[in-house]
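Take a first walk through this structure. The text below moves from one pair of side chains to the surroundings of a ligand.

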Amino acid sequence: MSGLFVSFEGIDGAGKSTHIARLHQHLFSRGLDVCLTREPGGTPLGESIREWVLHQPVDVLTEVLLMFAARAEHLRQVIRPALQAGRVVLCDRFSDATLAYQGAGRGVDRVMLRDLATQVEAGTRPSLTVLFDVPPAVSRARLEGLKAPDRFEREQQDFFERVRQGYLALAQAEPERFVVLDASQPMDAVTAALLRAVEARLG
Ligand SMILES: Nc1ncnc2c1ncn2[C@@H]1O[C@H](COP(=O)(O)OP(=O)(O)O)[C@@H](O)[C@H]1O
Ligand SMILES: [Mg+2]
């Protein structure tokens, strides 16, 4: 596959959506063909699943299986075709989010999550993952009053601290794939660091 698969991770309010939009603008003006997508979501089935898992109480194992079901279709319908066409895929969350949220956050068995990820990904993984690292108190303050919080955003600070540590452990285990940004910096500093990291990969 000739495209570039980039995923973006971090707790709610870390700044992913804001900076993906800025990066998209930058790459577009550079003439690159960019596919912007998100998880859970990215396909009609994925968006329906997103509505369910963000707003309906479900068993944690149901949550895991729904996330992977959405991911399987997302890979088949969107991500692989885009990569085959040589496009740059910018994906707002991917498998690392399941490992961090359902694994580190909710205590689901990490070995099972990795097995499911391996089966579903079938070799299609991000070659670059940008982790927006921020203390939960900072991201929470950013989100306050923005919109009605979903099921994940209503979680307590200790949940987000576990998720954050889960993400940092993943980054430490795969330093060649991850770039960790200090997302508590002012917006323009985060954007500059992000563009540098992506440009380095684009060559
Ligand atoms: N570095 C930053 N400094 C201050 N505010 C920020 C920063 N990054 C994002 N924000 C603000 O925080 C809020 C959440 O950002 P968002 O990009 O939606 O986060 P995410 O997609 O990771 O949940 C938005 O209001 C955004 O403008
Ligand atoms: Mg977002």
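Start with Arg-71 and Glu-39, whose side chains form a salt bridge with 2.6 Å from N to O. A salt bridge here is a side-chain nitrogen of Lys or Arg within 4 Å of a carboxyl oxygen of Asp or Glu. Side chains of opposite charge can pair when their charged atoms come close. This pair links distant parts of the chain, 32 residues apart. Arg-71 belongs to helix 3 (residues 60–84), while Glu-39 sits in the loop between strand 2 (34–38) and helix 2 (44–55). Helices (H or I, at least four residues) and strands (E, at least two) are DSSP runs, numbered from the N terminus. In total, the structure holds 17 salt bridges.

This is a predicted model: local features need pLDDT of at least 70, side-chain atom pairs count only at pLDDT 80 or more, and totals for chains, interfaces and linings use all residues. Residues are numbered from 1 along each chain as its sequence is written, chains are lettered from A and ligands numbered from 1 in the order in which they are written, and side-chain values use heavy atoms, with hydrogens and water left out.

Stay with Glu-39. The peptide bond from Glu-39 to Pro-40 is cis, with omega near -15°. Pro-40 lies in the loop between strand 2 and helix 2. Another backbone feature is at Arg-93, where phi is positive, near 80°. Arg-93 lies in the loop between strand 3 (88–92) and helix 4 (95–105). Most residues other than glycine have a negative phi, and most peptide bonds are trans.

Now turn to ligand 1. Which residues come nearest to ligand 1? Of the 17 around it, they are Gly-13, Lys-16, Ser-17, Thr-18 and Gln-185. A residue counts as near if one of its heavy atoms lies within 4 Å. By class, this shell has eight nonpolar, six polar and three charged residues. Ala, Val, Leu, Ile, Met, Phe, Trp, Tyr, Cys and Pro count as nonpolar, Asp, Glu, Lys and Arg as charged, and the others, Gly among them, as polar. Helix 1 gives the most to the shell, with four residues.

A polar side-chain atom of Lys-16 lies 2.7 Å from an oxygen atom of ligand 1. For Ser-17, a polar side-chain atom is 2.8 Å from a ligand oxygen. Ala-14 uses a backbone N or O atom instead, 3.3 Å from an oxygen atom of ligand 1.

Methods: Polar contact = N/O pair within 3.5 Å; in protein donor to acceptor, adjacent residues only side chain to side chain.
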